[in-house]
Amino acid sequence: MRSSSVGIAYLLMFAVSQGLRDAFFGRLFQSVSFLLVASVAFGMTCTVFIAASAIRRSRDLKILVAAPRALLGLNLTTAIAWLGFFYGLHHLEPAVVAMLYNGVGSRSEEHTSEL
């Protein structure tokens, strides 16, 4: 299979998975507090990834902790983006939220690569 065909297949799989994610979360957030879900998601993510980083790449974790302003900025902007996404799913159509989130999210990914 040509690499362009594989790329298109991956893009299609990504689009379908994001649509399913948005539809699932949209329905979930209309029945549950988005702050509860956000707290659980952030808590689990922090626990799992900090533990994995401490075990597998403790040097990288030490480098990240040595730059507290960058770490705080990265976590703060990520939290704001996700809270906005969760809040939007609670009040808007999932397709609209996905379009807005993905349009804004691509810029934040470019900035995180500079860290």
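Tutor: Here is the chain in outline, then the pocket, then some places elsewhere on the chain. This is a predicted model, where local features need pLDDT of at least 70, side-chain atom pairs count only at pLDDT 80 or more, and totals for chains, interfaces and linings use all residues. Residues are numbered from 1 along each chain as its sequence is written, and side-chain values use heavy atoms, with hydrogens and water left out.

The protein chain has 5 helices and 0 strands. Helices (H or I, at least four residues) and strands (E, at least two) are DSSP runs, numbered from the N terminus. Along the sequence the pattern reads α-α-α-α-α. Of the 115 residues, 15% are buried. Buried means under 20% relative accessible area, exposed means over 50%, and partly exposed lies in between (1.4 Å probe, protein chains only).

The largest pocket has a volume of about 700 Å³. The lining holds 21 residues, and the closest to the pocket's centre are Thr 45, Cys 46, Phe 49, Ile 50 and Asn 75. A pocket here is an open set of points on a 1 Å grid over the protein atoms alone, where a 1.4 Å probe fits, with protein on both sides within 12 Å along at least five of seven lines; lining residues have an atom within 4 Å of a point. Grid points are joined across faces, edges and corners, and the volume is the space filled by probe spheres set on the points.

Which helices build this lining? α2 (34–56), α3 (58–65) and α4 each supply at least two residues. α2 gives the most, with 8 residues. By type, the lining divides into 15 nonpolar, 4 polar and 2 charged residues. Ala, Val, Leu, Ile, Met, Phe, Trp, Tyr, Cys and Pro count as nonpolar, Asp, Glu, Lys and Arg as charged, and the others, Gly among them, as polar.

Next, the other places. Ser 33 sits in the loop between α1 and α2. Ser 33 counts as partly exposed because its relative accessibility is 40%.

Ala 23 belongs to helix α1 (residues 3–29). Its relative accessible area is 43%, so Ala 23 is partly exposed. Ala 23 and Pro 94 are 71 residues apart in sequence, yet 6.0 Å apart in space, C-alpha to C-alpha.
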